[in-house]
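Let us walk through this model step by step, beginning with a single residue and widening the view from there.

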Amino acid sequence: MIKVMGFKENLKSELEYSGMLVKELAAKSGVNKFSIDNYLNARGQIPSVEIAVRIAQALDVSVEYLVLGKEANQNKSFGSLDPDIHLLLKTLELVNNEDKKIIINNAIYLIKALANKSKETQN
């Protein structure tokens, strides 16, 4: 089953990724903290387009990403990225190229090992 993430989940993910506190986002976006808390709470209210734009700009992401979890100019061959994969890729951009290659090679090795293990248990 595919987990669909909405504005609330994507906003939480971006706040976590950025390390920004809600009060910092409020100050940077000009949206009051109470409103942002309402977007993040269990009811997950959806902001107006104007407010969503201000929040997206403050987080340096597109509104489409906050609302849908994908970018408008995304490469069609990859389909829409899972928000967790998006977060992983954005985080990977923080390291230098040498470390990035090491991380990618280790991830590929681990994924192949897990795939092989999964095949063995199915047989």
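Asn-38 is placed in helix α3, which covers residues 33–40; helices here are DSSP runs of H or I with at least four residues, strands are runs of E with at least two, and both are numbered from the N terminus. Is Asn-38 buried or exposed? With a relative accessible area of 16%, Asn-38 is buried, where buried means under 20% relative accessible area, exposed means over 50%, and partly exposed lies in between, as found with a 1.4 Å probe and protein chains only. When its neighbours within four places in sequence are left aside, Asn-38 is in contact (heavy atoms within 4.5 Å) with Gly-44 and Gln-45.

Before going further, note that this is a predicted model, in which local features need pLDDT of at least 70 and side-chain atom pairs count only at pLDDT 80 or more, while totals for chains, interfaces and linings use all residues. Residues are numbered from 1 along each chain as its sequence is written, and side-chain values use heavy atoms, with hydrogens and water left out.

The chain as a whole has seven helices and zero strands, and buried residues make up 30% of its 123 residues. Among contacts between residues at least 6 apart in sequence, 51% join residues at least 24 apart.

Helix α3 also takes part in an aromatic pair, and the chain has one such pair, counted when the ring centres of Phe, Tyr or Trp (its six-membered ring) lie within 6.5 Å, with planes under 30 degrees apart called stacked, over 60 edge-to-face and the rest tilted. Phe-7 and Tyr-39 form this edge-to-face pair, at 6.1 Å centre to centre and with 90° between the planes. Because Phe-7 lies in helix α1 (residues 7–18) and Tyr-39 in helix α3, the pair ties together parts that are 32 residues apart in sequence. Both Phe-7 and Tyr-39 are buried.

Turning to another helix, we find Leu-89 in helix α6, which covers residues 83–92. Leu-89 is partly exposed, with a relative accessible area of 41%.

Finally, consider pLDDT, the predictor's confidence in each residue, from 0 to 100. The chain averages 82, and 86% of the residues score at least 70. Over residues 74–79, however, the pLDDT is below 50, and this stretch has three contacts in the model beyond near neighbours in sequence. Among the elements, α6 has the lowest mean pLDDT, 77, whereas helix α2 (residues 22–29) has the highest, 96.
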